[in-house]
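This report looks at a ligand and its surroundings, and then at some aromatic rings. Please keep the structure in view while reading.

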Amino acid sequence: MNIAVRKTHVFTEVRKLQLYLADEKAKGASVGFVPTMGALHEGHISLVSQAKKENDVVIACIFVNPKQFNNPIDLKNYPRTPEKDITLLESAGIDAVFLPKETEIYPDNYAPAIVDLGELDQVMEGKFRPGHFKGVVNVVNRLFDIVQPSKAYFGKKDFQQVAVIKHFSKILHPQIAIVDVPTLRDAKGLALSSRNMLLTEEQKTDALALYYALEFAKTLTSNHTPKEVKKLIENRLNCDKFNLEYVELVDPVNLQALTDNWVQGATMCIAAFFGSVRLIDNMTIFPN
Ligand code: PAF
């Protein structure tokens with residue numbers, strides 16, 4: 001890859017990135033940080049746009065973190081489009097991109113983050129992807145140590161990830177503000193995701209069922225309890241076009257399942273497989 005001719009700074013080494021950041025911070029610049037695993041789409045660009053409004057300098061990272069994949073096939077198939085990603089970030093006006101090798105992120109003396117996630121990583125994604133959030137916490141913690149931004153930006157499509165990151169960073173990086181940015185959807189309603197590029201056209205149409213189910217769930221909250229709504233949506237999504245993994249209706253802060261009573265910000269989360277592609281989606285359904 002030819003990275004020498006680019007206008008945007010592209011760093012592959014921690015040391016060089018940190019020299020650049022030290023220089024910017026010495027001039028008084030606030031730093032906004034957008035960590036990603038690449039295969040970028042408009043959802044990522046909306047994080048960059050928000051970061052640009054709120055910071056003097058914005059840096060994105062592209063690193064497919066092996067430690068957060070519990071399934072080696074998923075890691076192997078994860079889309080990788082670094083050239084296209086850097087071009088997209090450049091046109092979004094990013095100041096710098098960090099594109100590290102694995103040894104930069106996990107050097108020999110690397111020490112994993114020690115933090116108790118409580119129940120946050122025992123439910124939903126945590127239950128179906130054991131070890132996933134430990135991997136996310138480790139990479140985000142390491143990236144926060146390297147970049148030490150003022151603010152870091154994450155998409156709400158990964159609703160549980162945002163809850164986990166807010167929790168651990170309050171303990172290990174209280175000076176960094178975690179900003180969650182609303183999910184972007186395509187014109188039909190499909191939540192934008194890097195994994196969508198692995199779907200066939202037919203699977204993309206099938207996947208709209210998740211969005212329709214979430215919208216439908218909102219209409220049920222006035223005359224059903226959370227556990228009834230969960231059941232109704234599970235029944236609706238149990239079909240032979242895709243494999244539903246879970247539907248959960250949770251408290252947005254502690255992610256505990258709701259049963260009889262609605263709470264402010266009650267969120268429905270869904271995961272399903274379309275062929276071998278696993279998609280997640282979520283929506284605040286109460287109040288609607
Ligand atoms: O959401 C993602 O793309 C990843 O989980 C993150 C936060 C960049 C950590 O690898």
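How far is an oxygen atom of the ligand from an N or O atom in the side chain of Gln161? In this predicted model, the distance is 2.7 Å.

| Side chain with the N or O atom | Distance to a ligand oxygen atom |
|---|---|
| Gln161 | 2.7 Å |

Both Gln68 and Gln161 belong to the residues around the ligand, which also include Pro35, Thr36, Met37, Val139, Phe154 and Asp158. Taken alone, the ligand exposes 290 Å², and 89% of that is buried by the protein. The place where the ligand sits is the largest cavity.

Phe154, one of the residues around the ligand, is also part of a cluster: ring pairs link it with Phe33, Phe144 and Phe168. The count of aromatic pairs in the model is 11. Among them is the pair of Phe69 and Tyr78, with 5.5 Å from centre to centre. The planes of these two rings are 75 degrees apart, and the pair is edge-to-face. Phe69 and Tyr78 are both buried.

Another ring, that of Tyr106, has a charge over it: the charged end of Lys67 lies 4.5 Å from the ring centre.

How values were computed: Residues numbered from 1 in each chain as written. Predicted model: local features only at pLDDT ≥ 70, side-chain atom pairs only at ≥ 80, totals over all residues. Heavy atoms only, no water. Phe/Tyr/Trp six-rings, centres within 6.5 Å; stacked < 30°, edge-to-face > 60°. Buried < 20%, exposed > 50% of the residue type's maximum accessible area, 1.4 Å probe, protein only. Lys NZ or Arg CZ within 6 Å of the ring centre and 35° of its normal. Near = heavy atom within 4 Å. Polar contact = N/O pair within 3.5 Å; in protein donor to acceptor, adjacent residues only side chain to side chain. Areas by Shrake-Rupley, 256 points an atom, 1.4 Å probe, with all protein chains shown as cover. 1 Å grid on protein atoms, 1.4 Å probe; cavity = no way out; pocket = protein on both sides within 12 Å on 5 of 7 lines; lining within 4 Å. Sits in = over half its atoms within 2 Å of the grid points.
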